[in-house]
Amino acid sequence: MVAQTIYKVLTDIGKTVDIKNVSENPELHFQDYDALLIGASTWDEGLINYLMTDYLVSYFSNPENTMLTGKKFAAFGCGESTYEHFCDAIPKLEEMFAKYGVQILQPGLKIDFDPQTEENLKMTEEWATKLLPLL
Ligand SMILES: Cc1cc2nc3c(=O)[nH]c(=O)nc-3n(C[C@H](O)[C@H](O)[C@H](O)COP(=O)(O)O)c2cc1C
């Protein structure tokens with residue numbers, strides 16, 4: 001949902017965007033992209049959800065895939081502010097990718113609960129709009 005909203009903002013202005021869902025096990029090559037916008041929800045006391053964790057651990061186990069120096073990056077994801085570690089997957093993603101040399105374009109987008117509320121849709125659109133000149 002959040003990814004689709006970001007996709008719409010970026011493509012409406014003419015950017016080429018590929019959406020990939022790790023649960024469908026796509027063969028990703030981050031090197032092929034100018035910018036990486038990575039989304040993950042938070043589970044289990046502030047962890048990146050297990051599907052994304054498994055995917056990234058496997059992906060980065062190939063040293064060739066860790067060469068991301070200078071690649072543009074931003075993170076987004078859903079969580080719930082009733083949990084102590086609200087959307088902690090986002091700083092964890094930033095930390096993980098920063099280790100491989102990405103350039104973090106702007107603070108990650110933290111969506112509380114339902115991404116489809118008017119407020120959250122607006123927040124997502126604003127976040128994607130701010131990203132545009134940085135891409
Ligand atoms: C067992 C469990 C643990 C969760 N832990 C957190 C958490 O630590 N921090 C947070 O912000 N949200 C937490 N959440 C809320 C989820 O991130 C939120 O419901 C999110 O929308 C789930 O998205 P998904 O179904 O796409 O993974 C948790 C939810 C469950 C069910």
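Trainee: What percentage of the 135 residues of the protein chain count as buried?
Mentor: This is a predicted model, in which local features need pLDDT of at least 70, side-chain atom pairs count only at pLDDT 80 or more, and totals for chains, interfaces and linings use all residues. Residues are numbered from 1 along each chain as its sequence is written. A residue is buried if 20 or more other C-beta atoms, placed from the backbone, lie within 10 Å of its own, exposed if 12 or fewer, and partly exposed in between. Among the 135 residues of the protein chain, the buried share is 26%.

Trainee: Which pattern does the protein chain follow along the sequence?
Mentor: Helices (H or I, at least four residues) and strands (E, at least two) are DSSP runs, numbered from the N terminus. The protein chain has 4 helices and 6 strands. Read along the sequence, they give α-β-β-β-α-β-α-β-β-α.

Trainee: What is the radius of gyration of the protein chain?
Mentor: The radius is taken over C-alpha atoms, and the globule rule is 2.2 Å times the number of residues to the power 0.38. For 135 residues, a compact globule would come near 14 Å, and the protein chain agrees with this, having 14 Å.

Trainee: Is Ser-23 buried or exposed?
Mentor: Ser-23 lies in the loop between helix H1 (2-12) and strand S1 (35-39). Its C-alpha atom is separated by 17 Å from that of Phe-76. Because Ser-23 has 10 C-beta neighbours inside 10 Å, it counts as exposed.

Trainee: Which strands each supply at least two residues of the shell around the ligand?
Mentor: The ligand is surrounded by 14 residues, and Ser-41, Thr-42, Cys-78, Gly-79 and Tyr-83 are the closest; a residue is near a molecule if its C-beta atom, placed from the backbone, lies within 6 Å of it. The strands that each supply at least two residues of this shell are S2 (42-43) and S4 (72-79).
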